[in-house]
Amino acid sequence: VEINRLPKRGETIAARDDKTGYMIPGGKGANQATAIARASNSSTVAKLSCVFGNDGHARKLNKTLADNKVIADRGSLSLNAECPSGQAFIFLEPRGENSIIIVGAANNEWPKELHGALKDAIKSASCVLLQQEIPARVNLQVAKFACEAKVPVMMDVGGEERSFPRELLQCLELISPNETELARATGMKTETKEQCVTAARQLINKGCGKVLVTLGKDGVILVTGNKPEVVHTTTN
């Protein structure tokens, strides 16, 4: 939903554009898989493991994934739940900043253990991408399994606010927070580039391989343990 500003408590405001507010298939996992499928050559396959709800949103998402050549294999690699699909309500301000409310729904209906089709997909993968819109325990299980299979794991921090235990960080080749998420994950200030680099080093010291900090209109900062240790790329 495009807005001029966030409403104050108890306030009702109009959207910035009357033609906004459509249900758009997505979610961080689906977006990751679709981006990979679109950017890849014909020899690369993007697979998504998720939990679909029992509503029209699930059918639309499944079709969109198939149209973009993402393999989700509903009922095998991906599962079904007797509840609504997960949703995110996104409020977009004029300069590109956004605020998001997540309704987990089917995304929270993962089984206690990783299922066979998912394990097989991980073992044959060149890389595993994770995000914060599924239960933390599932991310940890997947990261550990992939790490044991010597498959690189990358995590987008976007999603629900959570802590990052050392046992998870030690499984990650790369973690990508924005400056707000980096502050939340480390308890450190991230108001300047230098502060972002210092906070990112804390995650590396806890076992993560690299940290890619996204800064909106100011680009990204990649912090590694190697030389050059810090790379800053702007959007200009």
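Visitor: Ala-46 has its place in which strand?
Guide: Bear in mind that this is a predicted model, where local features need pLDDT of at least 70 and side-chain atom pairs count only at pLDDT 80 or more, while totals for chains, interfaces and linings use all residues. Residues are numbered from 1 along each chain as its sequence is written, and side-chain values use heavy atoms, with hydrogens and water left out. Strands (DSSP E runs of at least two residues) and helices (H or I, at least four) are numbered from the N terminus. Residues 46–47 form the strand that holds Ala-46, and that is strand 1.

Visitor: Is Ala-46 buried or exposed?
Guide: Among the residues that Ala-46 touches are Ala-33, Ile-36 and Val-70, leaving out anything up to four places away in sequence; contact here is heavy atoms within 4.5 Å. Its relative accessible area is 6%, and the cut-offs are under 20% for buried and over 50% for exposed, with partly exposed in between (1.4 Å probe, protein chains only). So Ala-46 is buried.

Visitor: What does the side chain of Ser-78 reach?
Guide: You'll find Ser-78 in the loop between strand 3 (70–71) and strand 4 (79–80), with a relative accessible area of 0%. Leu-48, Cys-50 and Phe-52 are among the residues it touches. A polar contact needs an N or O pair within 3.5 Å, within protein one able to donate a hydrogen and the other to accept it, and sequence neighbours count only if both atoms are side-chain atoms. At 2.9 Å, the side chain of Ser-78 reaches the backbone oxygen of Ala-72.

Visitor: And Ser-176: which residue's backbone oxygen lies 3.1 Å from its side chain?
Guide: Ser-176 sits in strand 9 and counts as buried at 14% relative accessibility. Beyond four places in sequence, its contacts include Met-155, Asp-156, Val-157 and Glu-181. The backbone oxygen 3.1 Å from a polar atom of its side chain belongs to Leu-212.

Visitor: Which residue caps the N-terminal end of helix 6?
Guide: Helix 6 covers residues 179–186, and its buried residues include Glu-181, Leu-182 and Thr-186. Among the elements covering these are strand 8, strand 9 and helix 7. After the helix comes Gly-187, with a positive phi near 75 degrees. At the N-terminal end, a side-chain oxygen lies 3.0 Å from the backbone nitrogen of Thr-180, and the residue supplying this cap is Asn-178.

Visitor: Which residue in strand 8 is the bridge partner of Gln-132?
Guide: Strand 7 (residues 128–132) has four of its five residues buried. Strand 7 runs parallel to strand 8 (residues 153–159), with four bridges joining them; strands pair if DSSP finds at least two bridges between them. The bridge partner of Gln-132 is Gly-159.

Visitor: How many disulfides does the structure hold?
Guide: A disulfide here is a pair of cysteine sulfurs within 2.5 Å. Cys-83, buried at 16%, has its closest cysteine sulfur in Cys-50, 12 Å away and therefore too far for a bond. Cys-196, buried at 2%, is 15 Å from its closest, in Cys-208, so that is too far as well. The number of disulfides is zero.
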